[in-house]
Amino acid sequence: MQVKDIGEQGLLRILQKFCPAEIVGDDCAVMPTTPNQSLAITTDMLVDGVHFSDRTTGPYYAGWRAAAANLSDLAAMGAKPLAVTVALAVAADTAVEWVEEFYRGMTACLQEYDTPIVGGDVVRSPVVTVAITAFGEVECDRTISRSNARSGWAIVATGVHGASRAGLELLLNPEFGQNLSEVDRASLILAHQRPKPRLDVLPVVWEILDSAGEFSIAGMDSSDGLADAIIQICRASGVGAKVDRTKIPIPNIFSEILSTEKALDWALYGGEDFELVLFLPIANAELLVEKIGNGAAIVGIATDSTDIWLTDSSGIYPDAILKLDRGFQHF
């Protein structure tokens, strides 16, 4: 049997056997360090030709995206960033200017969140590879886990989905979106090249939950797609879901460049939008969407089934089961 036979999720299940069960399974490992604080740790690897290329991002934006991916994982756990370390593998003939631009991109993203690079490693490799480990701090009673969702809770997406996938298409296919204005074109490309980790959502979440007097929330980020996040949370929590296709927030401009089905596909499975997907009681969810705005929406509800359905409140399309295998797969 080979890795390709079991896929990414199958490989992860095998590797998790070598880790403490109470530590792994979320966007970060969370380890208590003091009576009231925990250390959140996440590692993300990027490989040239798989996660980035000069054709679509260039070194500066590759660096930005590398940093953003790790900060997004911290946000998904409710953690405040502290620092990152960077392991870099490059060929001997890699241009020094490429490396410097990559680090400028990382630093530009990290500086927006007061997060320094505090070390790392450099090795030789035939393929440029970057592995970032990010460290964050979270109060023990404010750790956001995937396994806390309950039936009847609302499902919130903190912003539009599909924009990053559209930006990638514009970079790969110059013929796509010919009728877009320069402003709209630039906006979609920027969504792909300079994603924003949603650390800004956390203070709003804490305010709402503190007012409610109960820490009731589950979540993760949507870096692997909106559908992936919903499914992963449901599986970890032992619940099902009904997701309304008419409620999924997508860029308004999609109506001019994509069919309805393609727009939905990119929103559900395109990935790399780096929004948060949060399950929480309905009243709190409604207040959260109202406060953060900018495309945030309640897209569905958790159920006591184990099935995860894509429904249509308009009655045009039949219900369908959401699956993981339509998104990006490493193997």
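How many of the ten residues of helix α4 (residues 163-172) are buried? Seven of the ten are, and α4 is thus described as mostly covered; buried means under 20% relative accessible area, exposed over 50% and partly exposed in between, with a 1.4 Å probe and protein chains only.

The model is predicted: local features need pLDDT of at least 70, side-chain atom pairs count only at pLDDT 80 or more, and totals for chains, interfaces and linings use all residues. Residues are numbered from 1 along each chain as its sequence is written, and side-chain values use heavy atoms, with hydrogens and water left out.

**Helices**

Helices (H or I, at least four residues) and strands (E, at least two) are DSSP runs numbered from the N terminus. The buried residues of α4 are Ala-163, Ser-164, Ala-166, Gly-167, Glu-169, Leu-170 and Leu-171. They pack against α5 (182-193), α8 (254-257) and α9 (260-269), where contact means heavy atoms within 4.5 Å.

A helix pair is formed by α2 (residues 58-77) and α3 (residues 96-111), whose axes come within 6 Å and cross at roughly 40°. That angle makes α2 oblique to α3. Axes are lines fitted to C-alpha atoms, for helices over the stretch in contact, and angles run from 0 to 180 degrees between N-to-C directions. Angles under 35 degrees count as roughly parallel, over 145 as roughly antiparallel, 65 to 115 as roughly perpendicular and the rest as oblique. From α2, residues including Trp-64 and Leu-71 take part in the contact, and α3 contributes Trp-98, Phe-102 and Met-106 among them. The contact residues divide into 14 nonpolar, two polar and two charged; Ala, Val, Leu, Ile, Met, Phe, Trp, Tyr, Cys and Pro count as nonpolar, Asp, Glu, Lys and Arg as charged, and the others, Gly among them, as polar.

**Sheet**

Seven strands form an open sheet of mixed pairing, in the order β7-β9-β6-β10-β8-β11-β12. At its edges stand β7 (218-221) and β12 (320-321), each with a single partner strand, so one side of each is left without a neighbour in the sheet. Two strands pair if DSSP finds at least two bridges between them.

Strand β10 (residues 297-303) is joined to β6 (residues 154-157) by four antiparallel bridges. Strand β8 (residues 240-244) also pairs with β10 in the antiparallel sense, over four bridges. Five of the seven residues of β10 are buried. Individual partners in β10 are listed below.

| Residue | Partner in β10 |
|---|---|
| Ala-157 | Ala-297 |
| Val-243 | Gly-300 |
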